[in-house]
Amino acid sequence: MHDYNFLPYAFFRGQLVPFPEAQISIATHALHYGTGAFGGLRGIPDPENPDRVLLFRLDRHCQRLSQSAKFLHFDLSAEDIYKAIEAFVQKNQPRQSFYLRPFVYTSDLGIAPRLHNIEKDFFIYGLLLGDYLSPEGVSCRISSWYRQEDRSLPLRGKISGAYISSSLAKTEAVASGFDEAILMNSQGKVSEATGMNLFIVRNGRLIAPGYDQDILEGITRDSVIRVAEDLGIPVEQRPVDKSELFVADEVFLSGTAAKVTPVKQVENYYLSSNRPITDKIRQQLTLITEGRLPAYQDWVFPIALR
């Protein structure tokens, strides 16, 4: 069991309540059918102002969750999500780095798998969170499980039921001595890790599987690509073969929780510890999230705590 340090209040059924009181029934529809969708975003104390926190790309996170809700036939506006997150942060008064988990779901009680004529709801909780994966680098195995296809699941949304394959792949990787798993898609091309997008570097070029490779439209992924282009690093979005992972100059994972995490090993192939492009992008993103680069001020959302 993990000893998570949850924030004291949750947003639940339209109001802010103590975290232990935010409970659902064992008969909740989403629990049985994976009919939920979630987001995840990080916040940090403002280095220049102790009475406020900074949230990274809050507008994009709210927009994506609103779009994910549409797959559940739930009309939840990005503006309503934004307001709920703002109130949640102000109520909790976090003073350390934290992670927020907003979640939309079929909240009705029932046994029929469906999305029509069923109640939906939205909640938020959070926890204090440092590094999700080791910033020194992780080892990865190629999973025996495959990433789902968009024709079988709406992969443009973070649908909770889709993460069964991620869970299977993660446990398989850890049980076989690795930190993380890389999933291939049904065409045999590299897709993504269990909860992160993937990048490789070859000959000075940053390469990422494109949206046609059944990946999640990651917000951190989008940020990495924008930062790389602004730094003058050539970027390609294309299918990536498994063998490219073994001969890449650098490999890294990106995600809200993982941030930018280098990969030091794929299967029994060890990668160089010299990662100039990974390091440059990671350093730039750190400066951006701390509000230190004026060119990216529209990515940083300050919320006053007093």
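Predicted model: local features only at pLDDT ≥ 70, side-chain atom pairs only at ≥ 80, totals over all residues.
Me: Which radius of gyration does the protein have, when the globule rule is applied to 306 residues?
Reply: The protein has seven helices and 17 strands. For a chain of 306 residues the globule rule gives 19 Å, and the value for this protein is close to that, so the protein is as compact as a globular protein of that length. The radius of gyration of the protein is 19 Å.

Me: What percentage of contacts between residues at least 6 apart in sequence join residues at least 24 apart?
Reply: The C-alpha trace spans about 50 × 50 × 35 Å along the principal axes of the protein, and 51% of the 306 residues count as buried. Among contacts between residues at least 6 apart in sequence, those that join residues at least 24 apart make up 71%.

Me: How many Å apart are the mean positions of the positive and negative charges of the protein?
Reply: The protein has 33 positive and 36 negative charges.

Me: Side chains of opposite charge can pair when their charged atoms come close. How many salt bridges does the count come to?
Reply: A pair is counted when a side-chain nitrogen of Lys or Arg is within 4 Å of a carboxyl oxygen of Asp or Glu. Arginine 292 and glutamate 290 meet this rule because their closest N and O atoms are 2.7 Å apart; arginine 292 is partly exposed at 40% relative accessibility, and glutamate 290 is partly exposed at 23%. By this rule, the number of salt bridges comes to 19.

Me: In which helix do arginine 282 and aspartate 279 both lie?
Reply: The side chains of arginine 282 and aspartate 279 meet in a salt bridge, at 3.6 Å from N to O. Arginine 282 is partly exposed at 23% relative accessible area, and aspartate 279 counts as partly exposed at 26%. The two residues are three residues apart, about one turn of the helix, and both lie in helix α7.

Me: Is isoleucine 159 buried or exposed?
Reply: Isoleucine 159 is found in the loop between β8 (138-146) and α4 (164-175), and it touches Gly34, Gly36, Ala37, Ser68, Phe71 and Pro154, when residues up to four places away in sequence are not counted. The C-alpha atom of isoleucine 159 is separated by 9.4 Å from that of valine 104, which is 55 residues apart along the chain. Since buried means under 20% relative accessible area, isoleucine 159 at 6% counts as buried.

Me: What is the relative accessible area of histidine 61, in helix α2?
Reply: Helix α2 (residues 58-71) holds serine 66, which is buried at 11% relative accessible area and touches Leu76, Ser77, Ala78 and Ile81, not counting residues up to four places away in sequence. The place of histidine 61 is also in helix α2, and, leaving aside neighbours within four places in sequence, histidine 61 is in contact with Gly40, Leu41, Phe56, Ile219 and Thr256. Histidine 61 is buried, with a relative accessible area of 7%.

Me: What is the positive phi of asparagine 203, which is not a glycine?
Reply: Glutamine 93, in the loop between α3 (78-92) and β6 (98-106), has a positive phi near 50° although it is a residue other than glycine, and it counts as partly exposed at 26% relative accessibility. Asparagine 203 lies in the loop between β11 (197-202) and β12 (205-208) and is exposed, with a relative accessible area of 69%. The phi of asparagine 203 is about 55°.

Key: Residues numbered from 1 in each chain as written. Heavy atoms only, no water. Helix = DSSP H or I, 4+ residues; strand = E, 2+ residues; numbered from the N terminus. Rg over C-alpha atoms; globule rule 2.2 N^0.38 Å. Buried < 20%, exposed > 50% of the residue type's maximum accessible area, 1.4 Å probe, protein only. Contact = heavy atoms within 4.5 Å. Lys, Arg positive; Asp, Glu negative; His and termini not counted. Charge placed at Lys NZ, Arg CZ, Asp CG, Glu CD.
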